[in-house]
Amino acid sequence: MAIEQGEVEKIAELARIRISKEEIGDVTQRITEVLQMVDQLQAVDTRDIEPMANPLDATQRLRPDEVTQSNRRDAFQAIAPAVENGLYLVPKVIE
Amino acid sequence: MQWETIIGLEVHLQLATKSKIFSGSSTTFGAEPNTQASAVDLAMPGMLPVLNEQAVRYAVKFGLGIGAQISKRSVFDRKNYFYPDLPKGYQISQFDAPIVGKGSFEILMEDGSSRTIGITRAHLEEDAGKSLHEDFNDHTGIDLNRAGTPLLEIVSEPDIRSAAEAVAYLKALHSLVTYLGISDGNMAEGSMRCDVNISLRPIGSKTLGTRAEIKNVNSFRFVEKAIHHEFQRQADILEDGGKITQETRLYDADRDETRSMRSKEVANDYRYFPEPDLLPVVIDDIYIESIRESLPELPVEKRSRFTAQYGLGPYDANVLSDSRPLADYFETVAGECGDAKIAANWVQVELLGQLNRAGSAIEKCPVSATALGALISRILDKTISGKMAKQVFESMWNGEGAADDIIEARGLLQVSDTAAIDAIVDDVLSASAAQVQQYLDSDEAKRKKLVGFFVGQVMKLSKGQANPQMVNELLAKKLA
């Protein structure tokens, strides 16, 4: 299976990755090679195999519902680029 | 053309855990910004989520409450999108292996009819933080206290056909989750938030039309208004031969309109994949059964018991079983006074009326259920009339004491002592010789009017305390 350059541009946009015009052809080619490996895997018969959500043969440990974290706002905000009135500031987001 | 409205609702329910779904931060509402945001909630590098058992328990409890399939193995996934109040760049959610599968529950309409609404699924996920767009010139302020609060997203089938049904569904859901104790259901604080999926189709058609999703409808009233508005918008477009665009719209309560919210380059493309930081969640039958045994009597069960046990109509039974505190209150009043129908009437009319006017809730009611029961007993044993009881109730509400004390202190006792009433009747008759003569000279029709005059005089002399039935009987005897 091959991938179109336009699809790569769209995925890059969704993932917020900037790919230059010079690079895009090469990236498209390399993703196509990965997809060709996926094509080989697709040929394997997996009818009786349960989909794997995690490679570890283990299940999720659950923790009791207890508050264990205290307020460390000052420490976290000391390394933030911009804060005001206890809020983290980011460039204006408008919907 | 006649259109049929097809509605599906997605409800985001905040679960009433003490700590967050993947970290040990507190979930208390209203704290100073970012004081309840730990390194996990802030997406600091290397932090790992650890799942809160109580969130899993609450999700299972909900599933059992709607008779749904509980998945013994469920999986968390990453839902990828970029927004500053989502520091990781993805939300941990569940995609194709949610913890709660198909279920259903019954909703009751105001006319007493009921309908069953299907639930497609319910899954666990984390809430995002809050963005504050005002107050900062070129910036948006981010508060991450809410980030990581456990949510149960409850997705209904497109079974809802009107705004009234949507509201009935939300009320029934609210009632269910507060009975189960899995959420405080406080819509004003965002504990229950609703997205509405709505499409139209010509009546009789079997295929679904293109839908719009309306976000940010966070009160029962807004749900109703947003649906009415969106119905009109879509009907106008379709009748002009236009097409509905599948999109997300935002309900603006101030302007009572919906408007397009997301531009198409960020159209729902969340690129879900299994969350590598969490293992599959596996629960067993013993766990599920222990939760099943802890389930309280649910609203639907209570409603049918109220109908059977107390002879209430479906609407009354529905109102009184709406919340556990109200239902318990009603049952205590009914037990105390021994007459469930009068108890039901007093609780619904007088008590809920007062609570509404005071903007208060049953939990904060100044009149206890036993005290109200004692008051109703005084109507039933004819100590006071129903009309006087309302005055006594007002006084009880204002903290003036128990019913019996108020009745005594105000001298409100209804006089049912034959000798006392007899004396008053005699006084009235001897003071009104002219009217008595007029009465004796009159025909049957006119006599009735004159009896009214005598009754009025007796009530006046007795300061309204004479038992009206006895006054009538005595007058009839003496004027014969």
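Two residues are taken to be in contact when their C-beta atoms, placed from the backbone, lie within 7 Å. By that criterion, in this predicted model, 32 residues of chain A are in contact with 42 residues of chain B. On the side of chain A that touches chain B, helix H1 (5–14), strand E1 (62–63), helix H3 (73–78) and E3 each supply at least two residues, and the largest share, 5 residues, comes from E3(A).

Within chain A, E2(A) and E3(A) run antiparallel and are joined by 2 bridges, with Glu84(A) standing opposite Leu87(A) in E3(A). Across the chain boundary, E3(A) is joined by 4 bridges to strand E9 (residues 139–143) of chain B, again in the antiparallel sense, and here Leu89(A) stands opposite Gly141(B) in E9(B).

Val90(A), which lies in strand E3 (residues 87–91) of chain A, gives a residue-level view of this region. Leaving aside residues up to four places away in sequence, Val90(A) touches Pro84(B), His139(B), Thr140(B) and Ile142(B). Is Val90(A) buried or partly exposed? Val90(A) counts as partly exposed because it has 18 C-beta neighbours inside 10 Å, whereas a residue needs 20 or more to be called buried.

Turning to chain B as a whole, one finds 15 helices and 16 strands, and a division into domain 1 (3–291), domain 2 (297–409) and domain 3 (418–479). The C-alpha centres of domain 1 of chain B and domain 3 of chain B lie 69 Å apart, and the C-alpha atoms of the chain fill a box of roughly 100 × 55 × 50 Å, taken along the principal axes. The radius of gyration of chain B is 31 Å, while a compact globule of 480 residues would have one near 23 Å. Of the 480 residues of chain B, 39% count as buried; among the contacts with a separation of 6 or more, 69% are between residues 24 or more positions apart.

In soluble globular proteins, nonpolar side chains tend to be buried together. In this model the largest nonpolar core has 64 residues, and those with the most contacts inside it are Ala59(B), Phe62(B), Leu152(B), Ala166(B), Tyr169(B), Val196(B) and Val223(B). Helix H2 (residues 163–180) of chain B gives the most to this core, with 12 residues. A second, separate core of 34 residues includes Phe306(B), Leu326(B), Ala389(B) and Ala403(B). Returning to Ala59(B), its contacts beyond four places in sequence are Ile99(B), Val100(B), Ala122(B), Leu124(B) and Leu152(B).

Strand E4 (residues 77–80) and E5(B) pair in the antiparallel sense over 4 bridges, and the bridge partner of Asp77(B) in E5(B) is Ser93(B). In a regular strand the side chains alternate between the two faces of the sheet.

Definitions and conventions. Residues are numbered from 1 along each chain as its sequence is written. Chains are lettered from A and ligands numbered from 1 in the order in which they are written. This is a predicted model: local features need pLDDT of at least 70, side-chain atom pairs count only at pLDDT 80 or more; totals for chains, interfaces and linings use all residues. The radius of gyration is taken over C-alpha atoms; the globule rule is 2.2 Å times the number of residues to the power 0.38. A residue is buried if 20 or more other C-beta atoms lie within 10 Å of its own, exposed if 12 or fewer, and partly exposed in between; C-beta atoms are placed from the backbone. Domain bounds come from an automatic or database domain assignment. Two strands pair if DSSP finds at least two bridges between them. A nonpolar core is a set of buried Ala, Val, Leu, Ile, Met, Phe, Trp, Tyr and Cys residues joined through C-beta atoms within 7 Å.
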